Amino acid sequence: MYSRYPIYYYPIARSYPTWTSSSVELNRKLRALWEQHVYWTRLTVNSIVDGLPDVNATTERLLRNPDDFAEVLASVYGIAIANEFARLLREHLTIAAELVGDLKSGNSEAAADAQRRWYANADSIADFLGRINPYWSQMEWQHMMYEHLGLLSDEVSTRIAKDYVKNVALNDQIETQALGMADMMTSGIVQQFPSNFLS
């Protein structure tokens with residue numbers, strides 16, 4: 001499916017990159033994007049579950065996140081790869097919104113179908129990232145994506161159940177996990193393109 005990209009099924013030996021001003025800046029951008037990803041996801045979930053009037057505006061802002069990721073990734077991977085990641089991430093978000101709506105309405109059959117497609121999309125994201133960078137492992141990304149989906153599922157279910165104490169507490173875990181994805185993404189990019197991050 002992604003034959004126009006290099007294929008790295010097994011990661012080569014990795015090491016922690018030396019931090020420079022440019023690699024720190026990349027990390028700052030990616031951490032901000034992953035934090036915005038979970039922040040606007042949370043607000044969108046809340047708006048859908050509670051039927052808030054800001055649901056369209058909030059969802060629109062959430063769906064800007066994939067394009068913001070693409071802008072950063074295009075600087076090292078080019079437009080085609082960056083846009084493919086944006087497409088996969090946008091699919092992740094739209095399926096999530098669909099799943100929240102199905103769960104809220106009690107449509108268990110539709111929710112099960114959305115959840116199946118959501119995990120299939122996570123597999124596609126992990127496979128894609130594992131193919132484009134020898135310092136990223138498809139298995140590691142799959143594990144992190146599944147963890148992300150599991151935490152978000154808990155966030156949705158506690159919001160629907162109006163268990164606000166647990167719902168708020170989950171946000172700390174979600175943020176920490178998202179920052180871990182940002183750091184892994186940064187490390188792989190810096191190791192793959194070391195000449196871009198010398199100073």
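Against which helices do the buried residues of α3 pack? In this predicted model, local features need pLDDT of at least 70 and side-chain atom pairs count only at pLDDT 80 or more, whereas totals for chains, interfaces and linings use all residues. Residues are numbered from 1 along each chain as its sequence is written, and side-chain values use heavy atoms, with hydrogens and water left out.

The buried residues of α3 (under 20% relative accessible area, with a 1.4 Å probe and protein chains only) pack against α1, α2 (55-62), α4, α5 (108-132) and α7 (164-192), where contact means heavy atoms within 4.5 Å and helices are DSSP runs of H or I with at least four residues, numbered from the N terminus. Among these buried residues are Phe-69, Val-72, Leu-73 and Val-76. Helix α3 bends by about 25° at Glu-71, the bend being the angle between axes fitted to the seven residues ending there and the seven starting there. Just after α3, Gly-78 takes a positive phi of about 90°.

Glu-71, Val-72, Ser-75 and Val-76 are also among the residues lining the largest pocket, to which α1 (21-50) and α3 (65-77) each supply at least two lining residues. A pocket is here an open set of points on a 1 Å grid over the protein atoms alone, where a 1.4 Å probe fits, with protein on both sides within 12 Å along at least five of seven lines, and lining residues have an atom within 4 Å of a point.

In helix α4 (residues 79-105), His-92 counts as buried because its relative accessibility is 1%, and its contacts include His-37, Trp-118 and His-148.

Conventions:
Buried < 20%, exposed > 50% of the residue type's maximum accessible area, 1.4 Å probe, protein only. Lists of a residue's contacts leave out its neighbours within four places in sequence.
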